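Me: Could you walk me through reading a two-chain model, one feature at a time?

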Amino acid sequence: MLSEAAIEVSNLTKRYGDVEALRGVSFSVNEGEVFGLLGPNGAGKTSTVEILEGLRVPDGGSVSVCGLDPQKSGSEFKYAIGAALQATALPDKMRVQEALDLFGGFYPRRRGTQELLKRFGLEEKRRAFYSQLSGGQKQRLALAMALVNDPRVVFLDEPTAGLDPQVRREIYDIIVELKKEKKTILLTTHYIEEAEKLCDRVAIVDHGKVIALGTPRELKERSGAVTRIAVRMAKPETNGALSKLEGVTECRVEAEDYLLYSTRVPRTIVALVKHLEEQNNELVSLEISTPSLEDIFLDLTGRRLRD
Amino acid sequence: MQALRHTWALTVSRMRLAMRNRAFLFFSLIMPLAFLFGYAELFRRFGPDAMPYLLAMVLALTVMGSFWGLSVQLVTFREQGILRRFRVTPVGSSAMLGSSLISNYILTLPTVAIEFYISRSLFHMASLGNVLSVFILVTLGTVTFASLGLIVASVTNTMQETQIINQIIWFVFLFISGATIPFPMLPKMVQQVAVYLPATYLVSGLQRAMIDHANLLDLGSYLASLGGCALIAFIISAQLFRWEPETKVPRRAKLWALAAVIPFLLLGAWENFNGDLRRHAVRNLQLIREPYSMERIEH
């Protein structure tokens with residue numbers, strides 16, 4: 001089956017006064033894909049998403065969502081999308097159930113309030129005021145509201161920002177569920193972990209530009225970041241032969257461990273095993289840590305993500 | 001059809017929120033009732049005959065309260081980013097603004113009814129006046145003042161700014177319209193300015209409907225200017241409406257906002273030359289004043 005692009009962004013530019021927020025952003029998201037925009041604060045992620053949601057007008061370039069122009073398509077566009085915005089709230093004295101009823105009422109096609117309450121674990125909080133909810137509950141409600149019209153495309157702008165790790169994992173589970181439903185999801189984040197866990201493809205954004213794009217795996221393979229192999233052996237190694245193994249760029253000793261940095265992991269491991277046999281040595285433990293997107297970001301920009 | 005459905009859904013929701021807001025309940029129900037009891041106590045010696053005059057002032061205060069009402073709620077919505085959440089739904093700005101007016105109006109009516117009931121049962125007011133005229137004046141007045149509030153809500157950028165501007169305009173409405181200090185007792189110069197205010201026509205119109213049983217025809221010019229102002233103010237507020245706190249209002253738009261006063265500039269000018277508002281006001285004031293002191297006012 002030919003998958004048609006659900007979101008198309010081409011050469012997008014946007015400036016606020018003197019600040020060039022977007023400097024030619026392009027990417028496309030396929031139907032049913034979870035696509036991540038990853039980058040530090042101020043990289044241009046939210047500007048991109050808000051243009052796609054129709055909240056901001058781009059200065060240049062073009063966007064289309066489900067084949068529609070967010071600025072010109074009116075209700076048809078609004079029916080197709082669902083959004084959990086970054087800087088948003090509900091009135092303090094609005095009850096959870098009322099919010100879902102009210103927003104659901106704006107659409108001809110909608111999901112039942114009961115179903116959403118149950119699915120997002122808000123059944124017990126149905127009568128609670130918005131102001132009485134915890135950060136995690138507010139975020140779950142925001143996600144429920146983004147799905148109230150059963151949209152084709154869902155925008156999640158920093159869905160886990162400011163939440164503690166446990167709540168963040170709850171949100172991940174919800175997004176994984178959505179992925180199973182074949183919803184097209186555009187997600188922004190500055191958490192590497194989130195992008196790696198959830199996204200089919202990731203665009204790394206920095207200073208208003210896409211600096212790398214691909215599956216998390218592709219990005220890792222493509223980048224110069226190297227894999228670290230931590231080896232512990234029965235007898236210590238002294239002659240420096242480990243650093244000459246195939247693919248190894250660097251070898252360091254840390255306590256009892258030998259840390260091998262390799263660009264070609266499978267070959268390095270085969271060579272290592274051969275070497276140990278020759279030396280009549282024995283392998284006690286072996287641990288491989290692949291480069292994270294964080295390493296890739298560092299490699300691409302020379303900066304850490306959270307700087 | 002869809003826009004109407006959205007407007008109604010928002011109206012119901014915003015009424016619910018207003019009912020849960022103590023400040024709103026205080027200003028829309030408790031304060032006007034406090035004025036009613038205060039006036040009745042102050043002018044007790046004139047007995048039930050003074051009640052139509054007093055009730056007209058309280059009704060005007062109640063209606064003018066729409067100026068604060070749900071327009072201020074809209075500023076909070078914008079500041080907290082609540083409006084932008086609505087913006088990604090199919091809800092349009094007219095539904096948002098329309099719900100402000102309608103919910104305000106629906107919430108004003110019970111207060112008006114309670115004020116009538118108390119005047120009648122507790123203070124033995126003899127007649128209800130011309131009920132149709134009162135009803136239409138209350139309706140047009142609520143929409144007018146709520147629309148003016150919407151304009152202020154649109155041209156100001158923060159809640160603080162809104163409150164400062166609202167206070168200034170509110171005090172002008174309160175003190176020189178006749179709603180607190182009877183119109184004939186104001187200095188001549190202030191009277192000449194007061195006839196340019198929508199509030200003055202509301203107070204005067206309500207007094208004539210309550211005391212003289214003035215019908216819609218008698219009050220034609222008042223109704224036309226209140227209606228005109230309501231319409232112009234609503235159109236302007238729709239033009240100025242902003243979903244996002246960071247979108248600033250252009251200075252030209254602020255000038256535009258002043259167009260809402262055009263009907264009153266015209267009516268005020270006419271009233272200053274050959275109007276009868278003052279004559280009616282003086283005559284009606286007799287209900288709460290001794291005849292001897294009236295002579296001084298008439299000259």
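This is a predicted model: local features need pLDDT of at least 70, side-chain atom pairs count only at pLDDT 80 or more; totals for chains, interfaces and linings use all residues.

Me: What is the mean pLDDT of chain A, and what does chain B average?

Reply: The general idea is that pLDDT is the predictor's confidence in each residue, from 0 to 100. Here the mean for chain A is 89, with 96% of its residues at 70 or more. Chain B averages 86, and 96% of the residues score at least 70. For the complex, the predictor gives an ipTM of 0.85 and a pTM of 0.84.

Me: How does the radius of gyration of chain B fit that of a compact globule?

Reply: The radius of gyration is taken over C-alpha atoms, and the globule rule is 2.2 Å times the number of residues to the power 0.38. For 299 residues a compact globule would come out near 19 Å, and chain B agrees, with 19 Å. Along the principal axes, the C-alpha atoms of chain B fill a box of roughly 65 × 40 × 35 Å.

Me: At what angle do α7(B) and α11(B) pack?

Reply: Two packed helices are described by the angle between their axes and the distance between the axes. Axes are lines fitted to C-alpha atoms, for helices over the stretch in contact, and angles run from 0 to 180 degrees between N-to-C directions. Helix α7(B) (residues 131–155) and helix α11(B) (residues 220–240) pack at about 30°, with axes 8 Å apart. That makes α7(B) roughly parallel to α11(B) (under 35 degrees counts as roughly parallel, over 145 as roughly antiparallel, 65 to 115 as roughly perpendicular and the rest as oblique). The residues of this contact divide into 15 nonpolar, six polar and no charged. Here Ala, Val, Leu, Ile, Met, Phe, Trp, Tyr, Cys and Pro count as nonpolar, Asp, Glu, Lys and Arg as charged, and the others, Gly among them, as polar.

Me: Is the arrangement of α11(B) and α13(B) roughly parallel or roughly antiparallel?

Reply: Helices α11(B) and α13(B) (residues 262–274) pack at about 155°, with axes 8 Å apart, and are therefore roughly antiparallel. Their contact includes B:Cys229 and B:Ile232 of α11(B) and B:Phe264 and B:Leu267 of α13(B). Its residues divide into six nonpolar, three polar and no charged.

Me: Finally, how many residues does the contact take from each chain?

Reply: Two residues are in contact if their C-beta atoms, placed from the backbone, lie within 7 Å. The contact between the chains takes 16 residues from chain B and 22 residues from chain A. On the side of chain B that touches chain A, α1(B) (2–19) and α5(B) (82–87) each supply at least two residues. That side has six nonpolar, six polar and four charged residues.

Notes. Residues are numbered from 1 along each chain as its sequence is written. Chains are lettered from A and ligands numbered from 1 in the order in which they are written. Helices (H or I, at least four residues) and strands (E, at least two) are DSSP runs, numbered from the N terminus.
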